[in-house]
Amino acid sequence: MTRSEKRRWTMTAFVLIVTLASGLSCAMAQQPDTLPAASLAAPASAEVAEAVRPTPAGTVSAVRSEVSSRSPDPRAGMPHDLSPLGMFAAADRVVKAVMVGLACASLLTWMVLFAKAVEISCARARARRAFDVITASDSLAAAEYALIERGGPAAFMVRSASEEMARSAAALDFAGNGGLKERVVSSLVRIEAQAGRRLTRGTGLLATIGATAPFVGLFGTVWGIMNAFIGISQAQTTNLAVVAPGIAEALLATAMGLVAAIPAVVLYNVFARSIAGYRQLLADAAAGVERLVSRDLDFRKIPGTAQRAALPLAAE
């Protein structure tokens, strides 16, 4: 046998060996790992035998319905209505109480808005008219006569200064004008402070709501998310359809807190600026009254003008 024939026979034998080995491995892979059914032990009980017995095709739907009735749906109890009203109805009692409180706070904010807007507008209009009268008057008596039927702090300033001058008239020739001016300034300052304090009533409520409403809403959110995680642990699922409703209810409390807080903060700043402008207007009116008092005191020293302040009343 030649060398080429030996090589041919060697290659043929190698191919046969590889073919037999691959066929044997495929046969072993297709062989089941478990023992035949005949070698299995008999069921330990009648219940197990009943469980492994094939179920007729006609009873498949009945078995499925029974299993579904026994195993509760993890999404049971979850709200299907994700509107704000639906989430409020399905929320926890604590979260509901937080939402109701924030809704009441928002209602109070808008009530304060309408009440204080009307009050500040009327007060500024009265002070502006009184200031114009004080500026146009030549004497304190003329200003008092022009404002005799008007109310407001500016008109009260004029009457208070006139009353103080009447009480101090007997001592002016002996004590001088310094004490009278101090008493008039003291009265005007107290009237201005009282008017500003009266106008700030109600704005403290806006400050309180603006400062606390976000934290109250955050408390409701924390409580709602805690309940949502408890529901997730009980349902043993992280399906978004199960998790989303509880978290949405919790976030609704935060949204309501912001809805109550943002308008309260904005309105508080607006009213603070308006009240500061009103107090500045009263300060201008008080300065006008002081000028009238000083002018009348100077005219008292001129012969023949002692009764100048009473001329407008005498003309009537």
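**A close look at one helix**

Guide: Ser106 is buried, at a relative accessible area of 13%, where buried stands for under 20%, exposed for over 50% and partly exposed for what lies in between, with a 1.4 Å probe and protein chains only. What you see is a predicted model, in which local features need pLDDT of at least 70 and side-chain atom pairs count only at pLDDT 80 or more, while totals for chains, interfaces and linings use all residues. Residues are numbered from 1 along each chain as its sequence is written, and side-chain values use heavy atoms, with hydrogens and water left out.

Ser106 belongs to helix H5, which covers residues 93-136; helices here are DSSP runs of H or I with at least four residues, strands are runs of E with at least two, and both are numbered from the N terminus. Leaving aside residues up to four places away in sequence, Ser106 touches Val259 and Ala260, a contact being heavy atoms within 4.5 Å.

Met111, which is found in helix H5, is exposed at 51%.

Further along, the side chains of Glu119 and Lys116 meet in a salt bridge of 2.9 Å, N to O, a term for a side-chain nitrogen of Lys or Arg within 4 Å of a carboxyl oxygen of Asp or Glu. Both residues lie in helix H5, three residues apart, or about one turn of the helix; Lys116 is buried at 4%, whereas Glu119 is partly exposed at 30%.

A disulfide is a covalent bond between the sulfur atoms of two cysteines, and a search of the whole structure, taking a pair of cysteine sulfur atoms within 2.5 Å as the test, finds zero of them.

Turning to the rest, the chain has 12 helices and zero strands, and 28% of its 316 residues count as buried. The whole structure holds three salt bridges. One of them joins Glu163 and Arg167 at 2.8 Å, N to O, and these two are about one helical turn apart because they sit four residues from each other in helix H7 (residues 153-168). Another is formed by Glu164 and Arg183, whose closest N and O atoms are 2.8 Å apart; Glu164 is in helix H7 and Arg183 in helix H9 (residues 178-199), so this pair ties together parts that are 19 residues apart in sequence.

A search of the whole structure also finds one aromatic pair, formed by Phe219 and Trp223, which is tilted, with 6.1 Å centre to centre and 45° between the planes. Such a pair needs ring centres of Phe, Tyr or Trp (its six-membered ring) within 6.5 Å, and planes under 30 degrees apart count as stacked, over 60 as edge-to-face and the rest as tilted.
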